Amino acid sequence: MSPFTGSAARTADWEHLRVRHTDGIATVTLTRPDKLNALTFGAYADLRDLLAELSRERAVRALVLAGEGRGFCSGGDVEEIIGATLALDTAQLLDFNRMTGQVVRAIRECPFPVIAAVHGVAAGAGAVLALAADFRVADPSARFAFLFTRVGLSGGDMGAAYLLPRVVGLGHATRLLMLGDPVRAPEAERIGLISVLTEEGRADEAAGELARRLADGPALAHAQTKALLTAELDMPLAAAVELDAATQALLMNGEDYAEFHAAFVQKRPPKWRGR
């Protein structure tokens, strides 16, 4: 995303999210614990707009997405989303569904790694938010469920039919998106849906530790790695290799590459600047 912006001021407060900044790490928490952090129109919009703001500012080097209370996110609120959408016309429904997809695109396209800290339920849209993250750090209570067919909709919501086969394979993705059955932590780890399985109650802590490791590393290298992972999903090998070559040539002109060499020669840790 471009760092250039217009005259709009930075958002001071987010009504539907709790946002904390700590030395290059943004921790974004869904805060409806009484509803298992069920999403509303406002929560979707806040996530979309926050990620765009953070991407432009370039001050964040890693982001943790978490849920307050007993679970990560139970998906769209049954009354405030499903009930409300029954009253919308086709144009309004298209606007809504495009907005939810924009959240997923923002997670995939932001220039910093996103870590989903998952405990308890990650269902429906909550499962897709976790899926879109670069890392899913979860404890044994985590369970994922792609519930869209259970409410009479396509399982391919918010890019799930694109992302899930690329994470767990077509066979597992077909089963999960068609049937909507819950996947508990041991199986989720086995099929690759969980990146890191922690001890009970340690998902948030472990996600924070991973964020710290990423934030302390070469931010530009991480950003370009993420961009290439996304861009090359549908490229032929020849195009991917050429894009890799162009990217490496640019990074080899960067400060971090020279800093690694200087640190190696001087036998000290590199001081990464993300440049």
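**Note on the predicted model**

1. Strand E2, residues 25-30, is mostly covered: six of its six residues are buried. The model is a predicted one. Cover comes on both faces of E2. Ile25, Thr27 and Thr29 are buried on one side. Ala26, Val28 and Leu30 are buried on the other.

2. Which strands flank E2? Strand E1 (residues 17-22) pairs with E2 in the antiparallel sense, over six bridges. Leu17 is placed opposite Leu30 of E2. Strand E3 (residues 62-67) runs parallel to E2, and six bridges join the two. Here Val28 has Leu65 of E3 as its bridge partner.

3. The turn between E1 and E2 deserves a look. The hairpin has two residues between the strands. Asp23 in this hairpin takes a positive phi near 50°.

4. Strands of a sheet pair through backbone hydrogen bonds, parallel or antiparallel. E7 (residues 143-145) pairs with E8 in the antiparallel sense over two bridges. Phe144 has Val183 in E8 as its bridge partner.

5. Is Val118 buried or exposed? Val118 lies in strand E4. Its relative accessibility is 0%, under the 20% cut-off, so Val118 counts as buried. Beyond neighbours within four places in sequence, Val118 is in contact with Phe72, Ala130, Val137, Ala138, Asp139, Ala142, Phe144 and Ala203. Among these contacts, Phe144 is the residue that bridges to Val183 in E8.

6. Helix H9 (residues 219-231) passes a length check. At 1.5 Å a residue, its 13 residues should span 18 Å, and its end C-alpha atoms are 18 Å apart, which agrees. Which residues of H9 are buried? They are Ala223, Lys226 and Leu228. Their cover includes helix H3 (90-109), strand E4 (114-118) and helix H10 (237-252).

7. Now the chain as a whole. It has 11 helices and nine strands. The radius of gyration is 19 Å, close to the 19 Å that the globule rule gives for 275 residues, so the chain is as compact as a globular protein of that length. Along the principal axes, the C-alpha atoms fill a box of roughly 60 × 45 × 40 Å.

8. Of the 275 residues, 42% count as buried. The accessible surface of the chain is about 14,200 Å², and carbon and sulfur atoms hold 57% of that. Among contacts with a separation of 6 or more, 71% are between residues 24 or more positions apart.

Key:
Residues are numbered from 1 along each chain as its sequence is written. This is a predicted model: local features need pLDDT of at least 70, side-chain atom pairs count only at pLDDT 80 or more; totals for chains, interfaces and linings use all residues. Side-chain values use heavy atoms; hydrogens and water are left out. Two strands pair if DSSP finds at least two bridges between them. Helices (H or I, at least four residues) and strands (E, at least two) are DSSP runs, numbered from the N terminus. The radius of gyration is taken over C-alpha atoms; the globule rule is 2.2 Å times the number of residues to the power 0.38. Buried means under 20% relative accessible area, exposed over 50%, partly exposed in between (1.4 Å probe, protein chains only). Contact means heavy atoms within 4.5 Å. Accessible areas come from the Shrake-Rupley method with a 1.4 Å probe; for residues, only the protein chains shown count as cover. The expected span of a helix is 1.5 Å times one less than its number of residues.
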